[in-house]
Amino acid sequence: SSTESKEVTLRLAENSNAAILLDCQDTLFLVEPYNYIVYRMIQELATNALKHSGASRIQVALAQESVIITLRFSDNGIGIRPDFCSRPGHRGLSSIQEQVSLLDGKMEIHSTPQSGTRISIAMPMRGEDSYESFISR
C-alpha cells in the first residue's frame, strides 16, 4: 500500500562507506517552505555525522501526523562531545536548534560516547499561511 513506510538505503561514494537508511511514507507531503527546511536539516545532520562521527550507519525517519512533522536521526558513530556545538566552525546543530525553536518545535539530542547520537525533532507545520508566518518573524 502507498501509505506504508519504505526503507531506502543509500551508499555515498564520496568520503564514506556509510549507509544512510531513510524511512518515510510515500504519501508524506510537506508544504513549502517546510519541504526545504526539513531537507536542509537532514542534509546538515548527515554531513555532521559523516564528517565527525565515523558512523557506518545513519538512520533517518521522517513522518507527519496531523500537523506535526517528526524527524528522527541516529548514527552509530562516536557520539558528540558536550562542547561540540560551541566550538568555532561548528554551528550546524545550534542553527537547527534555533530554527526549530523559531518554528515552535522541540529538538532533543542524546549522545553516548562510542555508541552514537540520536536527534529528535518535532514541529508543527502551518498550512497555506506558512510563508506569512515565516515573514512575520
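Author: Happy to. Let us take helix α2, whose buried residues are covered by parts that include α1, β5 (106–112) and β6; contact here means heavy atoms within 4.5 Å. Before going further, please keep in mind that this is a predicted model, in which local features need pLDDT of at least 70 and side-chain atom pairs count only at pLDDT 80 or more, while totals for chains, interfaces and linings use all residues. Residues are numbered from 1 along each chain as its sequence is written, and side-chain values use heavy atoms, with hydrogens and water left out.

Helix α2 spans residues 92–102, and G92, L93, S94, I96 and V100 are buried in it. Buried means under 20% relative accessible area, exposed means over 50%, and partly exposed lies in between, with a 1.4 Å probe and protein chains only. The helices (H or I, at least four residues) and strands (E, at least two) are DSSP runs, numbered from the N terminus.

Now for the partner helix. The axes of α1 and α2 come within 10 Å and cross at roughly 155 degrees. Axes are lines fitted to C-alpha atoms, for helices over the stretch in contact, and angles run from 0 to 180 degrees between N-to-C directions. The two helices, α1 and α2, are therefore roughly antiparallel to each other; angles under 35 degrees count as roughly parallel, over 145 as roughly antiparallel, 65 to 115 as roughly perpendicular and the rest as oblique. On the side of α1, the contact is made by I37, M41, E44, L45 and N48, and α2 supplies G92, L93, I96, Q99 and V100. Sorted by class, the contact of α1 with α2 has six nonpolar, three polar and one charged residues. In this scheme Ala, Val, Leu, Ile, Met, Phe, Trp, Tyr, Cys and Pro count as nonpolar, Asp, Glu, Lys and Arg as charged, and the others, Gly among them, as polar.

N48 sits in helix α1, which covers residues 34–53, and N48 is buried, with a relative accessible area of 14%. Leaving aside residues up to four places away in sequence, N48 touches S53 and L93. N48 and I80 are 32 residues apart in sequence, with a C-alpha to C-alpha distance of 10.0 Å.

Phi of D104 is near 65 degrees, a positive value in a residue other than glycine, and D104 is partly exposed at 47% relative accessible area. In the loop between β5 and β6 comes Q114, with phi also positive, near 65 degrees; at 62% relative accessibility, Q114 counts as exposed.

Strand β6 (residues 116–124) runs antiparallel to β4, joined by eight bridges; two strands pair if DSSP finds at least two bridges between them. Within this pairing, F73 has I119 as its bridge partner in β6. Strand β4 (residues 68–75) also pairs with β3 (residues 57–65), in the antiparallel sense over eight bridges, and Q59 stands opposite S74 in β4. Two residues lie between β3 and β4 in their hairpin, where S66 in the turn has a positive phi of about 60 degrees.
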